[in-house]
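Hi everyone, thanks for coming. Let's have the structure up on the screen, and then I'll walk you through a few parts of it.

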Amino acid sequence: MTPGDTLGDTPNSGAAITLESVHKWYGAFHVLQDINLTVQRGERVVVCGPSGSGKSTMIRCVNRLEEHQEGKIIVNGIELTNDVKAIEGIRREVGMVFQSFNLFPHLTVLENLTLSPIWVQKRPKKEAEQAAMEYLERVHIPEQAKKYPGQLSGGQQQRVAIARALCMKPSIMLFDEPTSALDPEMIKEVLDVMVGLAEAGMTMICVTHEMGFAKTVANNMVFMDEGSIVEMAPPKEFFTNPKSERTQKFLSQILTH
Amino acid sequence: MARSGETPGQIIAREEEPKDVSLPPPKAPPTSPVLAVDWVRQHLFSSVPNTLLTLLCFWLLWETVPPLIDWALIGAVWSGGDPQLCRDADGACWAFITEKHRFILFGLYPFDEQWRPRLAMALFVGTLLVSSYPPFWRPWLGLLWVAVFTSCGILMWGGVFGLTPVDNTRWGGVPLTLILAVVGLVCAFPLSILLALGRRSDLPAIRMVCVGFIELIRGVPLISVLFMASVMFPLFLPEGVTIDKLLRAQVGIILFTAAYLAEAVRGGLQSIPRGQFEAADAMGLSYWKKTLLIILPQALKVAIPPIVNQFISMFKDTSLVIIIGLFDLLTTAKTALADPPWRAFYIESYLFAAMIYWAFCFFMSRYSQYLERRLETGHKRS
């Protein structure tokens, strides 16, 4: 039962993620300034912007890897507070893929995938392993199940990381620059998996500089700079007719080289 | 329960492209010379200083090794209860060990009952060997240890099943050293993990207690911890209450070792990248599950060298219990020399004790290397 069901008709029943005037500081540095963002169920949002603009910090606030200091974050109807139950509830709903994969090096690929289903969701081992193999097939590496992450290539590791997040059956996926640490020839295999997920209707927020990918899958583009959301628009409008000067400058820098 | 993510969808991915097969065959690496003469010339006599060093080494070996073999093997007296035979011989007096080994090994334990510590040690060492094999790291191993500790206790103390009671003030030699060391390790290790985790805790009270304990204990020598446990501590107890001397020494050793081990474990914890914690958090693991399933297995593996270093050091430090009058292995080796006719053979006595210490320490050292290799999963590519 999803928490959204228990709460019934909340004002956000159609929204998977809502951020309302979210602020965050690192010491005196104002990293997130008045962030307002709503992601509908099934919607794919791609976040871009120069480095240090707060993109990663924003999506890391959604599952409480970072704590926001002001404002409201609501995920599937659960408000993110210091309440451990709320945090655990949200983390069950939200899968995350990191730039540096963060697979557990002391566990095999299969053990990486079944860890959370077995220990957090208390599913039987057999069932968890079966599900894990299905997800490995979806990311096209079932033959690597018994290997350790250190024996795989970067692209394979990131696909395992995606499968690991999917094994928790999340309703939302967060991607934090999933292809930035990869060699160029491995980027495509990871993006292909992500496109497949998008086609399956997954709610996604993706921080990435892969603009081709963004054009293919995004419903909405978000451009961030200096801790604020500068512009938000559907990709067609965003790429052909950006309103803000900063967006124009950013796009001209990453699209023409 | 309807969730958008559950609808199975097709994922498009590129098939592996076939490798180009028209590449030239790989070139073999250059082979190095294998002739013995070449090797000697290259490594031992390549230059004038090198030649001088080589000759010096040969001379030193010639001066030390043959006399040592003469003393230890050829000229040695191996048996016979008469110390005069030894005095007449040129070599080592191993007859001393033949004569006194039961005292050195078992101390003041009643002579006719010494099969009991012997059996207890066999059980103990056997279980240690069984537990050093990783596939046996299962819950039943804990039960086995409980059973072994219980039966060793029964054997050593007696008093049940028709065994004569033996007070633990009469324990000594190898059993005492092994008990102090193994019980010390078994108790200090989990305590040190808790201390190391506590030192990194977000809760200031817990952190302060752990830092305070570690810094206080590390700031004093073990000898003073033992002395306090033995002399000072009883002064604070209410009249009529006494705590066993062996137990006090044991607790002293546990606390001391835990403080040092905690820093070794903390070193391991520090080496785990932040991403591992974040990935575990993002998967919804609780603090203890994250710590036990993800962080500690990796941290302890990294910390194997300093942890084993500490184990070895503490195994030998148990010999300091001599200052509170416990008869550990080194003390029995020393006391065996108190018999006037045998007084001259201290080298043999200490060598014998040293070899026993060395055997255990060498095993620990080799075992730690085996464990490191075994737990290697290829994430640090060399």
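Here's one to start with: is Arg274(B) buried or exposed? Arg274(B) is exposed, with a relative accessible area of 56%. For those words, buried means under 20% relative accessible area, exposed means over 50%, and partly exposed is in between, using a 1.4 Å probe and protein chains only.

Before going on, a word on the background. This is a predicted model, where local features need pLDDT of at least 70 and side-chain atom pairs count only at pLDDT 80 or more, while totals for chains, interfaces and linings use all residues. Residues are numbered from 1 along each chain as its sequence is written, chains are lettered from A and ligands numbered from 1 in the order in which they are written, and side-chain values use heavy atoms, with hydrogens and water left out.

Back to Arg274(B). Its salt-bridge partner is Glu278(B), with the closest N and O atoms 3.2 Å apart. A salt bridge here is a side-chain nitrogen of Lys or Arg within 4 Å of a carboxyl oxygen of Asp or Glu. Both residues sit in helix α11 of chain B, four residues apart, about one turn of the helix. Helices are DSSP runs of H or I with at least four residues, strands are E runs of at least two, and the numbering goes from the N terminus. Glu278(B) counts as buried because its relative accessible area is 11%.

Glu278(B) also forms a salt bridge with Arg60(A), and there the closest N and O atoms are 2.5 Å apart. This pair crosses between chains, from α11 (residues 274-282) of chain B to helix α2 (residues 55-62) of chain A. Glu278(B) and Arg60(A) are both buried.

Over all chains, the count comes to 14 salt bridges. In chain A, Glu237(A) pairs with Lys243(A) at 2.8 Å between the closest N and O atoms. Glu237(A) counts as partly exposed because its relative accessibility is 35%, and Lys243(A) as exposed because its value is 58%. In chain B, a network of salt bridges links Arg199(B), Glu215(B), Arg218(B), Glu263(B) and Arg266(B).

Now for the strands of chain A. Six of them form an open sheet with mixed pairing, in the order β6-β7-β8-β3-β9-β10; two strands pair if DSSP finds at least two bridges between them. The edges are β6 (94-97) and β10 (228-233), each pairing on one side only. β6(A) runs parallel to β7 (residues 172-176), joined by four bridges, and Met96(A) stands opposite Leu174(A).

Elsewhere in chain A, β1 (residues 15-26) and β2 (residues 29-40) run antiparallel, joined by eight bridges. They form a hairpin with two residues between them, and Gly27(A) in the turn has a positive phi of about 60°. Thr18(A) faces Thr38(A) across this pair. β1(A) also pairs with β4 (residues 70-75) in the antiparallel sense over five bridges, where Leu19(A) has Ile73(A) as its bridge partner.

Last stop, chain B. At what angle do α7 (residues 173-199) and α13 (residues 304-317) pack? The angle is about 145°, with the axes 10 Å apart; axes are lines fitted to C-alpha atoms, for helices over the stretch in contact, and angles run from 0 to 180 degrees between N-to-C directions. Thanks, everyone, happy to chat!
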